[in-house]
Amino acid sequence: NIAMTPYSALASGRLSRKEGYTRRATEDDYARGKYDSTAEQDRSIIERVAELAERHLVSMTEISLAWLLTKVTSPVVGATKKAHVDGAVNAVNLQLSPEEIQFLEETYQPHVLTGVIAIL
C-alpha cells in the first residue's frame, strides 16, 4: 500500500521519440547525466517502444504512458506543447496486452540513482 509518483515518466524524452531525435537529449546536461551512462542498456527498450507505437499507429509517448498506467494511476508528465497533452490523454485509452507489457519489460534493468535523487 505504498503510493508512487513516477519521476521523469518519459525519461527526459527518451521514451517519446527515437534515439537522438530529442533536443533535450543534446542540450540538457542534467538529463544527460541521468541517462547517458545507461544509454546502451536502454536502447532495446526504446526500440521496443517504437516498434509497438508503429504496430498500434500511435506515438511512442502513448505507448510509454499506457505501460506506465499499468503500474500507477497518476503519473506526472511535463507538457510544453499541445501534442504532449494529447499524447498523455490518448494513453489513457490505449490498452496494452499482457504480451506487449512483457515485451516492453523483459530487457529492463534498474538504473542506479543519480543526481539529486541519489543524495536523498
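These are my notebook entries on a predicted model of a protein chain.

**Entry 1: ground rules**

I number residues from 1 along each chain as its sequence is written, and my side-chain values use heavy atoms, leaving out hydrogens and water. Since the model is predicted, local features need pLDDT of at least 70 and side-chain atom pairs count only at pLDDT 80 or more, while totals for chains, interfaces and linings use all residues.

**Entry 2: the overall picture**

I began with the list of elements. The protein chain has 7 helices and 0 strands (helices are DSSP runs of H or I with at least four residues, strands are runs of E with at least two, and numbering starts at the N terminus). Read from the N terminus, the order is α-α-α-α-α-α-α.

Next I looked up burial. Of the 120 residues in the protein chain, 33% are buried (buried is under 20% relative accessible area, exposed is over 50%, partly exposed is in between, with a 1.4 Å probe and protein chains only). The accessible surface comes to about 8,000 Å², and carbon and sulfur atoms hold 56% of it (Shrake-Rupley method, 1.4 Å probe; for residues, only the protein chains shown count as cover).

I also checked contacts (heavy atoms within 4.5 Å). Among contacts in the protein chain with a separation of 6 or more, 71% link residues 24 or more positions apart.

**Entry 3: helix 4 and its cover**

How many residues of helix 4 are buried? I find 8 of its 9, so I note the helix as mostly covered. The buried ones are Met 60, Thr 61, Glu 62, Ile 63, Ser 64, Leu 65, Ala 66 and Leu 68. Their cover includes helix 3 (39–56), helix 5 and helix 6 (98–105).

Thr 61 sits in helix 4 and is buried, at 14% relative accessible area. Setting aside neighbours within four places in sequence, I see Thr 61 in contact with Leu 10, Leu 15, Ser 16 and Gly 87.

**Entry 4: helix 4 against helix 5**

I then followed helix 4 (residues 60–68) to helix 5 (residues 82–92): their axes come within 8 Å and cross at roughly 45°. My axes are lines fitted to C-alpha atoms, for helices over the stretch in contact, and angles run from 0 to 180 degrees between N-to-C directions. Helix 4 and helix 5 are therefore oblique to each other (under 35 degrees counts as roughly parallel, over 145 as roughly antiparallel, 65 to 115 as roughly perpendicular, and the rest as oblique).

On the helix 4 side I list Thr 61, Glu 62, Leu 65 and Ala 66, and they meet Gly 87, Ala 88, Asn 90 and Ala 91 of helix 5. By class, this contact has 4 nonpolar, 3 polar and 1 charged residues (Ala, Val, Leu, Ile, Met, Phe, Trp, Tyr, Cys and Pro are nonpolar; Asp, Glu, Lys and Arg are charged; the others, Gly among them, are polar).

I looked up Val 89 of helix 5 too. Val 89 is partly exposed, at 48% relative accessible area. Val 89 and Glu 62 are 27 residues apart in sequence, and their C-alpha atoms are 8.3 Å apart in space.

**Entry 5: helix 3 and its partners**

How do helix 3 and helix 4 pack, and at what angle? I get about 105°, with the axes 8 Å apart. That makes helix 3 roughly perpendicular to helix 4. Helix 3 brings Ile 46, Val 49, Ala 50, Leu 52, Ala 53 and His 56, and helix 4 brings Met 60, Ile 63 and Ser 64.

**Entry 6: two spots outside the helices**

Leu 57 is in the loop between helix 3 and helix 4. Its phi is positive, about 60°, although Leu 57 is not a glycine. Buried or exposed? Leu 57 counts as exposed, at 77% relative accessibility.

Gly 13 lies in the segment before helix 1 (23–27) and is buried, at 16% relative accessible area. I find its C-alpha 9.8 Å from that of Gly 78, which is 65 residues away along the chain.
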